[in-house]
Amino acid sequence: MMNVNRWKRYADWDERPLRLDKFAAEDPANGFSAFTSPNDPQPGIGIANGRVISLDGVLERDFDMIDRFIARHHIDLSVAPEAMALDSSFVARMLVDMNVPREHLVRLAHGMTPAKLAQCVSQLSALEIAFAYSKMRARKTPGNQAHVTNAKDDPLQLAADAATAVAFGFDEIETTMRVSRNAWSNALACAVGAAVGRWGTLFQCSSEEAEELRIGMAGFTSYAETVSVYGTEKSFTDGDDTPWSKAFLAAAYASRGIKMRCTSGAGAELLMGFHESKSLLYLEARCLCLQRGMGVQGTQNGGIDGAPLTATVPGGFRELMAENLIAVWLDLECASGNDARATESEIRVGAKIMPYLVAGSDLICSGFGSVLKYDNSFNPSLLNGEELEDYLVLQRDFEADGGLTPLPEEKALDLRRRAIDALSAVFAELGLADPTEAMKRSVAVASGSDDTESYTPRDVAFISAAIKDSGITVVDVIKALALRGFRAEAENLLNMVKLRLSGDYLQTSAMIRNGRIVSAVNDPNDYLGPGSGYRVSEERRLELNGIRDLLDQKEVLRSEALHEREEVARIVYRSLGAAGASTDQADVVIGISPAFGRRLFQTMAGHRLSDVLRELTNAILARGLTPRIVRFRHTADTSFLGLSAARLAGSGIGIGIQAKGTAVIHQKDRLPHNNLELFSNAPITSLAHYRGLGANAAAYALGEMPEPVVVPQRGEAMGSRYHARVAMVYAIETTLTEEGAPPEWVEVTFKGGRP
């Protein structure tokens, strides 16, 4: 029974003393802070003449674009004086008090600044955060999201795996590609597969933002969540974006009936905010306030791809939970992460998922790798096909609804065959491809792409191009299904298109269950319950933090200095002055990062940079073309290195490569992140792969269509092993960047030694 007298006491705001709590800042040895930082602003707001004139200690005249957007579009001026006057520890207690309604706390959050939100949440223990999350999430019924991808971008396997994911009960399916231009084929295949067995599973194809929107406009996708926002102005500037451009993109999706949430997370904030020395939670709170101000349906946060990096910081897992809590406190739908394999430890994997499983979430994973780890093109998720049965048992053990239902093997096989036949029928009707019976049989019984004898990435590129160039839409696919006898699948897919017209699944936290919209509107979260318990003391916290083998930037530089002596004997870099654009069609530019061969001397896989350059240049020379090496200092981003190189190259083809080994082939007229080929997994990239990359760059320059070089990924949890070092290396790179710095033509002389 509710304690009415206690609730009245909480309502008497004016009787409580006005005080802003002060926190002792964390100062880990590596310089990163999950919750508080000496440079975090103290919460505060100034309001005059109906507008915000100061925000967290920054005057209006000094607002950056993020401050300005939050002030104009997030802060509710009718609530802010009341909310900001509340003692932060008092608000933290309200979050875990069963007598304080969710609706009242949501109202207060809309009047709070990012620093205030972060300060309140940082006082909660992991247990309290989990409880508060169960109380504050918008929708009562939990859900889950799947990753459906494969190493070959094979559409037959995508359709089969999408069908089984739907049968397991995933409310959303997300795909992406090993080769970016295969997006249209992936989208069509998953849309067909998701329509097998039942209708109502939302689907997205994660691609370059403009391409993703085109795919959505063609009707293949029903939601998007890869619209990234950032906690620092420089990150927006580097991405050629603003909060307003992101808000416009959100409106573009919504106007076409496409559900949309933004993506942010602490791991990215650690990289982007390194030089500002702000805490991860504060920077992420800025992101979430931006998202609310943009009017988006929800957010995908909780670390996302950066979760392995956040997991290396003391209190990192707790911070990921805290940012999820801020998201639901702001009344955003929350796809709560758990989509990156943050560790190779099975114990830590299980520990990370448990708070979300027992507390519930709009989407517990965003997403769960429903395929085997090596087939997950997003890189392994926290949980993958290998752990699917364990997850189902966890639901039983704790009597917790994790959104999934056990699926008999024979039913799964029937669904896979039906999906393969349905997609083959669409391909035949639309003249896209003609898979053989042997190909279809191999996919139906396959555990993963290692077991299939089906399409290769190059084969798929032609199918994808045909879909895009022919202007094929979801309506054409629906007609093809119906004409070829797959009427149930045609109706299932048509039902999803009809929902685009009503826009019902644009409601907060909306999903489709049994053909019915379930959202925060008709299924509001009314959970209330107790929450208190053990607190880690400061002394104990420091003991837990004091692990061996801490990695910091000095240690990285000491290690690199050892390799520098070896490289001096193998390669000489000589500046030839500013690099200009060439008109020579044989010219292929290799764009190297600021620290390449200066402060960093080996890739994450341990290859000497001299050996990598030798492989790239020799492969280009072997085709009769001229490699030109240009150092860029205006950016350290792989995509922009490649695009900048391509724009200088007479052939229009450039290679961008960071010192850590991440590399890309780009063409001058493509969008920054819509590259020709990408080596994103530097720790497992071999010299032979770089040789192939150089050869393919030459082939593109000669107007050929080579087989893309795909680095075989065998499910390694590279994040936990390499992300901390990557963060340090990237910080070294960005330290050497200079806005507006001209490109530098570099002559390279190899002095000896062979790769």
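Modeller: On a 1 Å grid over the protein atoms alone, a cavity is a set of points where a 1.4 Å probe fits but cannot get out, and its lining residues have an atom within 4 Å of a point. This is a predicted model, in which local features need pLDDT of at least 70 and side-chain atom pairs count only at pLDDT 80 or more, while totals for chains, interfaces and linings use all residues. Residues are numbered from 1 along each chain as its sequence is written, and side-chain values use heavy atoms, with hydrogens and water left out.

Biologist: What makes Thr201, Phe220, Ser222, Leu493 and Met496 stand out in the largest cavity?

Modeller: Among the 18 residues that line the largest cavity, these five lie nearest its centre. The volume there is about 160 Å³, a volume being the space filled by probe spheres set on the grid points, which are joined across faces, edges and corners.

Biologist: Which helix gives the most to this lining?

Modeller: H23 does, with five residues; helix H23 (487-502) and helix H9 (183-194) each supply at least two, where a helix is a DSSP run (H or I, at least four residues) numbered from the N terminus.

Biologist: Why is the lining of the second largest cavity called nonpolar in seven cases and polar in one?

Modeller: Its lining residues are Ile129, Ala130, Tyr133, Met321, Asn324, Pro355, Tyr356 and Ala359. Because Ala, Val, Leu, Ile, Met, Phe, Trp, Tyr, Cys and Pro count as nonpolar, Asp, Glu, Lys and Arg as charged, and the others, Gly among them, as polar, Asn324 is the polar one, and no charged residue is present.

Key. On a 1 Å grid over the protein atoms alone, a cavity is a set of points where a 1.4 Å probe fits but cannot get out, and a pocket is an open set with protein on both sides within 12 Å along at least five of seven lines; lining residues have an atom within 4 Å of a point.
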